[in-house]
Amino acid sequence: MTKLNVNGNAVEVDVDPETPLLWVLRDSLGLTGTKFGCGMALCGACTVHLEGQPVRSCQIPVSAVGDKPVTTIEGLSKDRSHPVQLAWIEHDVPQCGYCQSGQIMSASALIEAKPRPTDADIDAAMAGNICRCGTYQRIRAAIRRAAEIKSGAA
Amino acid sequence: MSANPSFSRRSFVGGLVIAISLPACKQSPKSSGELKVIETNAWLRIGTDNSITFLCDRAEMGQGVYTSLPMLIAEELGVDLTRVKVEFAPPGDQYINNLIGGQITGGSSSVRDGWEKLRKAGATARMMLVSAAADEWGVDPRSCKVANGVVLSPQFKKLTFGEVAEAASKLPVPKNVPLKPATQFTMIGKAQKRIDTPAKVDGSAVYGIDVKLPGMLYAALAQPPTLGGSVKTFNDEKARAMPGVVAVVLTSSGVAVAADSWWRARKARDALTIKWDAGPNGALNDAKVSQMLRKGAAGPGRVARNDGDAAAAIKGAARVVRADYELPLLAHATLEPQNCTADVRADGADIYVPTQVQQIAQAAAAKAAGLDPKQVKVHTTFLGGGFGRRLEVDFIPAAVEVSKALKKPVKLVWTREDDMTHDAYRPPAFDQATGAFDGKGKLIAWNLHLTGPSITARMFPSVTEKMVDPFAIEAAANYPYDVPNVHVDFQQQEIGINVGYWRSVSHALNCFVAESFMDELAVATKTNSYEFRKALLEKQPRYLKVLDLVVKESRFGYPMKGHFHGLAVMEGYGTYMAQVAEISVDGGKVRVHRVYCAADCGQQVNPDTVVAQIESSVIFGLSALMWGEINIQNGRVQQTNFDSYRVARMTDAPRIDSYVIDSSESPGGIGEPATALVAPAVCNAIYTATGRRIRSLPLSRHRLA
């Protein structure tokens, strides 16, 4: 049995130790908000936070997680109130939406690390998240807005 | 759609239909206890608790129908959009897309198809609800008003839609109910918040890949590595011994492994040893594809447009310009890989699937299950991208067959590699353009000979039996320029593999050719790209308007230092569009800084979605332009994942400025057209920047990207 700390909850799963964290989250824990897009850390759809850092869960064997806190999109807030979620709603960012959990997890880690991200910061933090619907322009605007919301600006 | 779907039982009582929901819903205080849900029409469900549900009969794949279609009905019905819940509709003839002839989401047609139909349904329902309320009060229905789902009597009595829905459903259905004039729209034409956004920012939106059923198994599928190959023999000893594996099943699509988790199924699949029959395409490669098209181009083609006598005009012309263009196969690369969840029982089946074709999916599942289509329920989920990929049903039969064999629900998911190497690719093309001038330098003839495989001949053969493939001649047959002799034809040349509809279909192929070649002709007469087109569009006011608008907003011809502009114009799906691309070439590589897009799409429904779709289409077109190509060697697709099939990322995205003309003309489609103008606009800019004419894509093959 593997013990994990996911979204603040202590859970136990019975999986092969090399199972990627992505599939443990989705299939064992029913947290399907984190998505499968490529299986090779190329698309970013599987992005979660591990100790607050954005990671590609498709490439992390569950045996490597230990007791480090894992945060998924479901755990970002109880009620869509995280500044990134608020900004995403304000700008109606998602189209098909499949990449957006990953985008939001990357973006939320970005503004935590850089409260006033520059375009270069945004490029660097978000280049790993593919959006086939091409919502990049809105993601950029929403990240700036999220930073504003987080800092308490109007 | 919830991952644990609730059921509704229906009882048909004469002509009255009442659907009764299981008591998960809250009770209405006024009712005798049990909540009833009335089927007001094919799309509207009104609960006695005044809940309003819209059954969305089109797939939501990002293009926003989940919001724009309910807007059409809500506008006329008289309810605020925030009160409308949306569910996906089942297959049914009442949901047929009249522009296509089946329950199909595609061709940028959902709003165009729903424009009159859904508004009429809303207005008719409103009239019947008001009549029922008026009957109860004994007043003239014309003296009643509606405010957000409540009918108001002249004496300010109130009845909710929920309270009169049942009585309304017993009334005769009025014909020819008048619709609101555009001046009275309260919702249509004004930006509305997307109804699906909240679920897409908190991880709760359910895509096909997320579906979970009680007792469900997971499956992975080994498909033939060559396109059109098949299984000869296989050894599953190792696979069957692996942890969690329940069974190995030979299906019509390949060998499937079912296990208690997808990861285990996938691992066991990789442990199969399979001998494949390479099939008819075992020797296929890029060179052969190109040869087949060039050879096929010797054929006469089926005529798509014939004004005057282009051949004669060209023969006698003072000057003739000729150019050949070539375009590659492309993958759809939806971010959600293909998948299907099937629950097959003796008496029927349920499938849960991200599909653009509910009825075709139902038929495919029924065939695979050995059932009648009426016994198959299709639950459409959100789609993690469509782009035409989910018009195919190739990912359905294996899931159904495994479920049938194991007598359990099964979710079969493709890997990215499965998906990339097993697509119905956007067709390749070999196109020959000819322009002829008279002695005064006037363009007197235009000839376009298009060669390529036909998607429609495979998917809708009854169409191509009667006429030239309409989906091969878009942005070609409708050549808008004032030229007396115009000839366009399409020569079907198959290449041995299935090709499929890809965002904007042949607009993407033909607009690249037509608008690049128009620039070649402008250059030949030493005329500015804008002036050359403007002079030939005098009789086309809607084209002229978008052309002038984009030229003005982009300051076409006057970019900042080191930047260069290129232009393209097109009509597609009833929408007129013009784009200017602003590029630079740095270190030999093209960088697209800005795309300006002017659009006339008639009456907009959700203007925010119109802009979003222009932005979306531009990025999609940009990916294909820069890097998009599918290569085949020994019958095998060489691209396998996003490392070998590059697509646009945040760092590649230009700034996109959209200028949408206010209009109350009939809506034009907006999900696709902008994709087609990116390539010619950028390549025309490349010519201006470098003097190099690009006649084949992608740019990466020219080391420009």
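B:C340 stands opposite B:L412 in β20(B). Strand β17 (residues 339-344) of chain B is joined to strand β20 (residues 410-413) of chain B by 4 bridges, and the two run antiparallel; helices (H or I, at least four residues) and strands (E, at least two) are DSSP runs numbered from the N terminus. This is a predicted model, in which local features need pLDDT of at least 70, side-chain atom pairs count only at pLDDT 80 or more, and totals for chains, interfaces and linings use all residues. Residues are numbered from 1 along each chain as its sequence is written, chains are lettered from A and ligands numbered from 1 in the order in which they are written, and side-chain values use heavy atoms, with hydrogens and water left out.

The two strands belong to an open sheet of 7 strands in chain B, ordered β12-β13-β10-β20-β17-β18-β19, with mixed pairing; two strands pair if DSSP finds at least two bridges between them. At the edges stand β12 (245-251) and β19 (376-380) of chain B, each with a single partner strand, so one side of each has no neighbour in the sheet. From one strand to the next the twist averages 20°, where axes are lines fitted to C-alpha atoms, for helices over the stretch in contact, and angles run from 0 to 180 degrees between N-to-C directions.

Helices pack on this sheet. α6(B) touches β10 (217-222), β12, β13 (254-259) and β20 of chain B, and its direction makes about 30° with that of β10(B); contact means heavy atoms within 4.5 Å. Helix α10 (residues 397-406) of chain B touches β10, β12, β13, β17, β18 (349-353) and β20 of chain B, with its direction at about 30° to that of β17(B).

A second open sheet of chain B has 5 strands in the order β15-β23-β22-β21-β16, again with mixed pairing. Its edge strands are β15 (302-307) and β16 (319-327) of chain B, each with a single partner strand, so one side of each is left without a neighbour in the sheet. The twist here averages 10° from one strand to the next. β15(B) runs antiparallel to strand β23 (residues 485-492) of chain B, joined to that strand by 5 bridges. The bridge partner of B:V303 in β23(B) is B:D489.

Over all chains, a search of the whole structure finds 51 salt bridges, a salt bridge being a side-chain nitrogen of Lys or Arg within 4 Å of a carboxyl oxygen of Asp or Glu. One of them joins B:D418 and B:R269, whose closest N and O atoms are 2.9 Å apart. This pair links distant parts of the chain, B:D418 in helix α11 (residues 416-421) and B:R269 in helix α6 (residues 262-270) of chain B, 149 residues apart.

Next comes the interface. There, 51 residues of chain A are in contact with 60 residues of chain B. A:Q95, A:R132 and A:Y136 lose the most area to chain B in chain A, together 18% of what that side buries; buried area is the accessible area (1.4 Å probe) that two parts lose on being put together, summed over both. The rule finds 7 salt bridges across this interface. A:R26 and B:D210 meet through their side chains in a salt bridge (2.8 Å, N to O).

The axes of α5(A) and helix α17 (residues 607-627) of chain B come within 9 Å and cross at roughly 115°. The contact is made by A:Y136, A:Q137 and A:R138 of α5(A) and B:D608, B:V611, B:A612, B:E615 and B:I619 of α17(B).
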